[in-house]
Each structure stands twice: as C-alpha cells, then as structure tokens.
Amino acid sequence: MNFDALFDQQLDQLREAGNYRYFADLEREAGHFPKARHHGASGGPKDVTVWCSNDYLGQGQNPMVLEAMQAALAHYGAGAGGTRNISGTTHAHVELERELADWHGKEAALLFSSGYVSNWTTLSTLGARLPNAVILSDEMNHASMIEGVRHSRAEKIIWKHNDADDLDRKLAALDPTRPKIVAFESVYSMDGDIAPIDEICDVAEKHGALTYLDEVHAVGLYGPRGGGVAEERGLMERLTVIEGTLGKAVGVMGGYIAASASLCDFIRSFASGFIFTTALPPVLAAGATASIRYLKESGAERQGQREQVAYLRRKLDLAGIPHMANESHIVPVMIGDAEKCRRLSDWLLEHHGIYVQPINYPTVPRGTERLRFTPSPFHTRAHIDALVGALSELWSQCALARVEQAA
C-alpha cells in the first residue's frame, strides 16, 4: 500500500480548502523584539515586524531573564537528566514551583513540559481517578482541555460558552453525590473574550463542583502581580485549580498547575503525562522564575501593552477595519474566508514586512477566519500606524467591506 499517497491526498484537501499550515522561518534577534528576520523563498532574509507572537510582554528578550538562563546553563548544564522522579528534579524546579504557588495564592504547584501537557494530563487524571466523575466543559475550551477530558473517559457535558445559567441547569440535573469538575478558561485566545469567573464560581460552589481554570492567555498580563484574571478580580482562592503556561507572557517554555498540596501530590503520583516524561531543562526553570519575579514587581509592561492595544483599536475603527470587540489584549481582525485570509497574510509579509499568521479552521469555525493581532509594549505607535495603513490599502485593493465608525 502506498501510504504516502494517502497522506498526500488528505494534505491536498487541506490546501484546496485553504487550511494548509505554512511555517514562517523567523530569526528572532535578542534585544530587537518585535523585529525579526524572515527567511523566505525569494532572496535573502528580510526584516519583519511580528504581530502575532504569544510572547505578549517581550519577556523572552528581557535581559534579566537571559542573564538568569545564562547563569543556570553554566551552573546546571543543559538538560535535567531524567524524569522528575528519577534524578530530574533540580533545585531550579523546586524554586519555580514555589514561585508559581505564591503567584496564584495556592499551597503548591506542579510543572509540566507545556501548557498543552498540563491541561491534558491534569484533566485526564482527575476525570479518570475520581470515581464516577463528570466533567462539565465550556464549549469553547482549548484542544488540550478537550483531549484531556476525552482521554479521562469520564462523562462529559458541554455547557454554552461563558453561560453560568446553562452551567447551573446542567449541574442541577446531576446526582449531587457525583464528583463534578467545571473546566473553563479566563481569556479565550481566538475571540479574546473573558469568562465571568465569579458567576461560574458561584454556580460551581452551589453544586459542590471542583473548578479548573485555564489562565494561559492571562498569566503575566492581568492583576497587580500578573497572576491572571482571577487575581485581578480577587477570585484566586475560589478556584480549585489554576493552570497556566510559561511559554506566553512569561516568555520561556513549560506549563503548570497551582492548587492545594494534596491535589498537586495526587497528580504528581498518578498522572502518566507527568511521571513518564523528562523534566524541563533547569535553564528554562531558572528563566521562568526570573521572569515571574520580575512580573510580580513590574507593572510597566502590562500598562504599556494596554495602551498599545487601545491605540490599535482606535486606529482600526478610524480606518473602518472590522475587528472583534473584547476586554482583552487580543485583537482579531475578521476576514471570514480561509483563502482570502491566507492571501492577505502573504501580502502583508511580502510587501509590508508585517508578519501575522492567518487563523483558519479547525482553530476557529469555518466562516470566522481572521488575522489575530497581539500588540506588545514594544510595538510603537509608528508600528501600529504602518500596520493599519497596510490593512487599509488591502481593504481597498480587495474591495473588502468596511465598518462605519459609531456616531
């Protein structure tokens, strides 16, 4: 059997639908964020401005973080040398877990190799090992949460996005003695909307449910110390589990949960996705610790980002470029067609030195394709003016519909 032909057939279908994913070959340059060098198919590398990075605050370029990582590399060497259970727990890991627990006001924290793995592993373990458990999952939850729920083989109930009343109805219909897990996110990464965490906690507490909050797109960005939306709203103590990542606003790599000491020990002891994987390199743990300590003290980056997000939205409004309204730092510019979204992205990169990745199905539903912009405190007003000017030019060239500014 020609397996490659079978693979190619399905890949061709992706291309025809406009959903094939192309990687941009980027060369980040320390100290020059959000600038990078793009190694394209034509000619040598070209300077571009990156507009879709999840390094939301530029912490991956913070000199304090780089210095901590260089010192850790010289001190510990490259890798961890094993799983956490077998020689892979270094003091850098222990320090980082203490820092994370403090960040979220919890007794303990547990590190994973990524945010995807922390969601998948924790939800699958909770659902599998709590007898007769049921997991109630927001309909817009991330793929990592969906996979964790699926892998647990626990009963799954989907509730309407950010709808506490629908969650209440679904919880009320369950046997009150069953263990119940309510899983949701704070900031949803594609639409940029923010969950009503307090209302969801009210409902969960009413029915005795465990609450599991994914804060991956919020940690570092919200709250007086960057602890996330739950910190900003004074709700951290009401969440059973807070899950986060070190690969976005923290600027490094890894994932984690913060919870009670018993829950973290439970996951540590029973979760195969934790037990059987090599520990993060200590250099990454040291970098993440330095980044979090910095973000706990400095609000300048958060404030700078908010100002640039507000400025971009104002400029888009003035140009009549349709973008999805939300309370967060994520600015989705709506296109609504996969092929057109790809062409716009390619044109911006090739002719304006602007890199923004098209977001197509299955990341978002068909018909809601978009360009997702994430302004950072290091994007200047000149960067934003150039971006909106290029978008406005494309809107005219492609005869795309503009929106009228509200009176």
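Student: Which residue of β7 does V134 stand opposite?

Tutor: Before the case itself, keep in mind that this is a predicted model. As a general idea, the strands of a sheet pair through backbone hydrogen bonds, in either a parallel or an antiparallel sense. Here V134 stands opposite K180 in β7, and four bridges join strand β5 (residues 134-138) to β7, the two running parallel.

Student: Which strand pairs with β7 over five bridges?

Tutor: That is strand β8 (residues 210-214), which pairs with β7 in the parallel sense over five bridges; within this pairing, V182 has T211 of β8 as its bridge partner.

Student: How many residues of β7 are buried, and which of them point one way?

Tutor: Burial is judged by relative accessible area, with under 20% counting as buried. Strand β7 (residues 180-185) is mostly covered, since six of its six residues are buried. K180, V182 and F184 point one way from β7, while I181, A183 and E185 point the other way, and all are buried.

Student: What is the strand order in the open sheet of four strands?

Tutor: The order is β1-β2-β3-β12, with mixed pairing. Its edge strands are β1 (26-28) and β12 (354-355), each of which pairs on one side only. β3 and β12 pair in the parallel sense over two bridges, and V50 has Y355 in β12 as its bridge partner.

Student: Turning to a single side chain, is L263 buried or exposed?

Tutor: L263, which has its place in helix α10 (residues 261-270), is buried because its relative accessible area is 11%. Leaving aside neighbours within four places in sequence, L263 is in contact with L210, T240, V241 and I257. The C-alpha atoms of L263 and A108 are separated by 8.6 Å, although these residues are 155 apart along the chain.

Student: How many disulfides are there?

Tutor: A disulfide needs a pair of cysteine sulfur atoms within 2.5 Å, and by this rule the count comes to zero. C52 is in no disulfide, as the nearest cysteine sulfur, that of C341, is 11 Å away. C201 is likewise in no disulfide, and the nearest cysteine sulfur, that of C264, is 17 Å away. Both examples count as buried, C52 at 17% relative accessibility and C201 with a relative accessible area of 1%.

Student: How many cavities of 30 Å³ or more does a search of the whole structure find, and which residues line the largest cavity?

Tutor: The search finds one cavity of 30 Å³ or more, and the largest cavity holds about 90 Å³ of space. Its lining includes R84, H93, L111, F112, G273 and F274, and the elements that give two or more residues to that lining are β4 (108-112) and α11 (272-275). By class, the lining of the largest cavity has six nonpolar, five polar and one charged residues.

Student: Which element gives the largest share of the lining of the second largest pocket?

Tutor: A pocket, unlike a cavity, is an open set of points. The second largest pocket has about 450 Å³ of space, and of the 21 residues that line it, the closest to its centre are H38, G40, A41, L349 and E350. Two or more lining residues come from each of β3 (46-50) and α14 (338-352), and the largest share, five residues, comes from α14. By class, the lining of this second largest pocket has seven nonpolar, eight polar and six charged residues.

Terms used: Residues are numbered from 1 along each chain as its sequence is written. This is a predicted model: local features need pLDDT of at least 70, side-chain atom pairs count only at pLDDT 80 or more; totals for chains, interfaces and linings use all residues. Side-chain values use heavy atoms; hydrogens and water are left out. On a 1 Å grid over the protein atoms alone, a cavity is a set of points where a 1.4 Å probe fits but cannot get out, and a pocket is an open set with protein on both sides within 12 Å along at least five of seven lines; lining residues have an atom within 4 Å of a point. Grid points are joined across faces, edges and corners, and a volume is the space filled by probe spheres set on the points. Ala, Val, Leu, Ile, Met, Phe, Trp, Tyr, Cys and Pro count as nonpolar, Asp, Glu, Lys and Arg as charged, and the others, Gly among them, as polar. Buried means under 20% relative accessible area, exposed over 50%, partly exposed in between (1.4 Å probe, protein chains only). Contact means heavy atoms within 4.5 Å. Two strands pair if DSSP finds at least two bridges between them.
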